[in-house]
Amino acid sequence: MSVLPEQTTPPPPGRSGRLLDVALRVAGGVVALVAGALAGVLELILVVAAWEFVKGRSTSAGEVLVGLAFGVAGLGLVVATTVAVSWFAHAAVGTRWAALLPALPWFVLIAVAAVRTREGDLLLGGDNVLGLGMILAGAVTFAVMIFRQLLAPAAAVPRG
């Protein structure tokens, strides 16, 4: 005699249930796109601000150390936000390729930040070591998250 209650599978959702599921997945994809763009903007702001401390405009060694600590914390933030946004995209959209959704706007923002404007402004120059570290950390973390999600075994779907 089993003490576990008998498990029954729920009936398949009707048409309205499927439409709601698709609508929620699309909304999750849009949120993932916006989150990827927001993460990119915040990371760029952090890296550029930290680089201003480090590159020599500071007046004391304390400011340089604060800038370096700011930059190292920023690299940790890059990895953490990349993992969180990729996980959210996969959970919200429910497909293996969903981690590409936040990666696309992030890479576009990074590419745009590395191009000089007509006025001569440049956010991520070749001399910005913290910016290069952010690009490397973000790109590698997105690649690892996408790779893990693509190679993860498919969840067993009960068929009734």
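Let's start with R25: its relative accessibility is 33%, so R25 counts as partly exposed. By that I mean the band between buried, under 20% relative accessible area, and exposed, over 50%, with a 1.4 Å probe and protein chains only. Before I go on, this is a predicted model, where local features need pLDDT of at least 70, side-chain atom pairs count only at pLDDT 80 or more, and totals for chains, interfaces and linings use all residues. Residues are numbered from 1 along each chain as its sequence is written, and side-chain values use heavy atoms, with hydrogens and water left out.

Now, which side chain meets R25 in a salt bridge? It is D21, at 3.0 Å from N to O. The term covers a side-chain nitrogen of Lys or Arg within 4 Å of a carboxyl oxygen of Asp or Glu, and by this rule the count comes to one. In general, side chains of opposite charge can pair when their charged atoms come close. D21 is partly exposed too, because its relative accessible area is 35%. Both residues sit in helix α1, residues 15-57, and they are four residues apart, about one turn of the helix. Helices here are DSSP runs of H or I, at least four residues long, numbered from the N terminus.

Helix α2 covers 61-93, and α4 covers 129-151. Their axes come within 9 Å and cross at roughly 25 degrees. Those axes are lines fitted to C-alpha atoms over the stretch in contact, and angles run from 0 to 180 degrees between N-to-C directions. The two helices are therefore roughly parallel to each other, a label for angles under 35 degrees. The crossing of α2 past α4 is right-handed, meaning that the near helix is turned clockwise from the far one by less than a right angle.

While we're on α2, have a look at V79, which lies in that helix. V79 and A137 are 58 residues apart in sequence, yet 6.3 Å apart in space, C-alpha to C-alpha. With 34% relative accessibility, V79 counts as partly exposed.

Last stop: the surface. Which residues make the nonpolar patch of about 640 Å²? They are W97, L100, L104, F147, L150 and L151. Patch members have over 30% relative accessible area and no salt bridge, and nonpolar side chains are joined within 5 Å. The areas come from the Shrake-Rupley method with a 1.4 Å probe. Helices α3 (100-113) and α4 each supply at least two residues, and α4 gives the most, with three. W97 is found in the loop between α2 and α3, and at 46% relative accessibility it counts as partly exposed.

Key
Patches are made of residues with over 30% relative accessible area and no salt bridge: like charges are joined within 9 Å, nonpolar side chains (Val, Leu, Ile, Met, Phe, Trp, Tyr) within 5 Å. Angles under 35 degrees count as roughly parallel, over 145 as roughly antiparallel, 65 to 115 as roughly perpendicular and the rest as oblique.
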